[in-house]
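Biologist: Please take a close look at one helix pair in this model.

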Amino acid sequence: MLALTELGQRLRQERESKGLSLEDLQKLTKIQKRYLLGIEEGNYEVMPGKFYVRAFIKQYCEAIGLDTDAIFEEYKSDIPSTQTEDMPQQLSRVRSRKEIPQHTKGVSKAYDYLPTVLVVAGVVVVGIIIWVIAQNIVSDKNKEQANQEAPNSEVQQSNTQEETNETTAKNDNSKSEDEQSAADKKEKEKEKAAKEKAEKEKAEKEKKDSGKQEYKEVQKTGRSATYALSGTDAFNLEVTSTQADTWLDVKNGKGNAFFSSILKKGETKEFDLTKETEARVNIGYSPGVELKVNGKAVDLPFDSSKQVRQVVTIQYQPAEAQ
């Protein structure tokens, strides 16, 4: 194994302090594990080129919450510079006309006859449509002539019977539609009343809880802060990441983990901690992370642009125990 560079040692220590393995970092950055290991060991020979070395180091730093510009300045002697390095030859997909296989020339010639074929096909289709229309016209004329030759009494009797049937059908349909409409209306009114009642009860409960609930800061030190939650009989926590994937670790006061994995961008995790007296929330990448306690948004203790990793401890005392 190669000796670690100062940069590689710094990156590995920061990664391990967040509880991240190389597999976790591979999921966050989409960079192969062997390249991440090469960065930590200073073995840049495994990379496709200097351009990729700098790009991969930048993604590594962002994933674990380090200031990229500061790292590149502090460890510039460990990071290869690149100014005029050409893009990898394999990125080019353009081939000259001379490289086109000769067997494609026959296909090109076939395309020259395509317009003529399409025109002929169009003429045939139009002819078929005209023939079908003509047949329909002749058929309609024959039916009309046959109806005119039938006895007037038979036509009148048929018409009377059809009118009677239509009237009966209309009356039945009208009655059925009225009954269905009344039933639907009654059901909708019942659903509306139940919904309004539920919303009213929820609003009253939230109003009652919001008036009692208290969430206040107890202390701050380093990247950690402690808050006290009181005046409520519920402790529900919501964590949402809106900007990027982040490492999230949620444990109770005894160290039992409720969640310890990657929280993907746009994902929300909810935790019912009502039976706990303390919860510890470890956020690996805090920009864009939102916290809610009992449905109410609470601020992170530190400015996420300055303190990327943050640890929030919430001590809970139920209202009934106060």
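Biologist: In which sense, left-handed or right-handed, does α1 pass α4 in the crossing?

Modeller: The model is predicted, with local features requiring pLDDT of at least 70 and side-chain atom pairs pLDDT 80 or more, while totals for chains, interfaces and linings use all residues. Residues are numbered from 1 along each chain as its sequence is written, and side-chain values use heavy atoms, leaving out hydrogens and water.

Helix α1 spans residues 6-17 and helix α4 residues 50-64; helices here are DSSP runs (H or I, at least four residues) and strands are E runs of at least two, numbered from the N terminus. The two helices pack at about 30° with axes 10 Å apart (lines fitted to C-alpha atoms over the stretch in contact, angles from 0 to 180 degrees between N-to-C directions). α1 is therefore roughly parallel to α4 (under 35 degrees). The crossing of α1 past α4 is left-handed, the near helix being turned anticlockwise from the far one by less than a right angle. On the α1 side, L7, L11, R12, E14 and R15 make the contact (heavy atoms within 4.5 Å); α4 supplies I57, Y60, C61 and I64. By class, this contact of α1 with α4 has six nonpolar and three charged residues, and no polar ones (nonpolar: Ala, Val, Leu, Ile, Met, Phe, Trp, Tyr, Cys and Pro; charged: Asp, Glu, Lys and Arg; polar: the others, Gly among them).

For context, the model also has an open sheet of six strands with mixed pairing, in the order β1-β2-β10-β7-β4-β5 (strands pair if DSSP finds at least two bridges between them). Its edge strands are β1 (214-221) and β5 (257-263).

Notes. Angles under 35 degrees count as roughly parallel, over 145 as roughly antiparallel, 65 to 115 as roughly perpendicular and the rest as oblique.
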